Amino acid sequence: MTGFNPQRDELLEQSCLSYQAQFALPAAVRGALAEFSRRLRQTVVSGLWVAPAESLHVTCYSLVSPRDLSFDKDRYWRSMRSQAEEAVRRIQLEVPAFQLRFRTIRVTERAIVVLADDQPSVARARRVFSRLVLPPGAKQSLVYDTIHVTLCRYADPSGIRRDLPETVAPLRLELRADIDTLTLVRETVYPSLHRQTLISASLARIGPAG
């Protein structure tokens, strides 16, 4: 794959290359989430990898997964890039700026995430991307059931305490984020520690974000 540095990623446990559509978070929101993540690490004591503030985002759609190594990702991207760019332009026309409300912490198999309330604008944007040509070997488009930001990942999942969900449950977070930018990025160090912005598109503001 041209231009690809096949370094081994510590968290992904393989080389990383992906193409993602991401909603950008305001700097103040990223800072607040990063501070909350540091509190999580202190609570859990050890075993968590905390994402730096600058890497935090909401995934709109994963066009090329960082975990899939079964095909030539750059070749696939070249074949569908124009479709992806057209999808962004369509979203700019159809999805105005909106607001996300974050307030639920969830422990998953790989990470600790903060969930946002359902937001129809995110679902509309994801539907646009779901109509693009599928990667080689894929049988259906991705289906997302959450809107979230990943705060911490497990550096060693086998060492995470079994009572982690109960430990995290009492922690509270209440944040609102005005979302007005959609980006297409090329990610080469997981999770979004090194990414090249291919397109940055502003969503139209129609009255208060919401």
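Helices α2 and α3 are roughly antiparallel to each other, a term applied to angles over 145 degrees. Their axes, fitted as lines to C-alpha atoms over the stretch in contact, come within 9 Å and cross at roughly 155°, where angles run from 0 to 180 degrees between N-to-C directions. Helix α2 comprises residues 73–94 and helix α3 residues 120–130; helices (H or I, at least four residues) and strands (E, at least two) are DSSP runs numbered from the N terminus. In this pair, A84, A87, V88, R90, I91 and E94 of α2 meet R124, A125, V128 and F129 of α3, contact being heavy atoms within 4.5 Å. By class, this contact has seven nonpolar, no polar and three charged residues; Ala, Val, Leu, Ile, Met, Phe, Trp, Tyr, Cys and Pro count as nonpolar, Asp, Glu, Lys and Arg as charged, and the others, Gly among them, as polar.

The model is predicted, with local features requiring pLDDT of at least 70 and side-chain atom pairs pLDDT 80 or more, while totals for chains, interfaces and linings use all residues. Residues are numbered from 1 along each chain as its sequence is written, and side-chain values use heavy atoms, without hydrogens and water.

The largest pocket has a volume of about 970 Å³. A pocket is an open set of points on a 1 Å grid over the protein atoms alone, where a 1.4 Å probe fits, with protein on both sides within 12 Å along at least five of seven lines; lining residues have an atom within 4 Å of a point. Grid points are joined across faces, edges and corners, and the volume is the space filled by probe spheres set on the points. The lining consists of 31 residues, with R110, H148, T150, R153 and Y190 nearest the pocket centre. Strands β1 (18–23), β3 (58–64), β5 (111–116) and β6 (148–154) each supply at least two lining residues, and β6 gives the most, with four. Twelve residues of the lining are nonpolar, twelve polar and seven charged.

The peptide bond from Y190 to P191 is cis, with omega near -5°. P191 lies in the loop between β8 (181–189) and β9 (194–202). S192, in the loop between β8 and β9, has a positive phi of about 55° although it is not a glycine. Most residues other than glycine have a negative phi, and most peptide bonds are trans.

In strand β9, I199 touches E85, V88, L182, T183 and L184, not counting residues up to four places away in sequence. I199 and T183 are 16 residues apart in sequence and 5.4 Å apart in space, C-alpha to C-alpha.

Technical notes
Angles under 35 degrees count as roughly parallel, over 145 as roughly antiparallel, 65 to 115 as roughly perpendicular and the rest as oblique.
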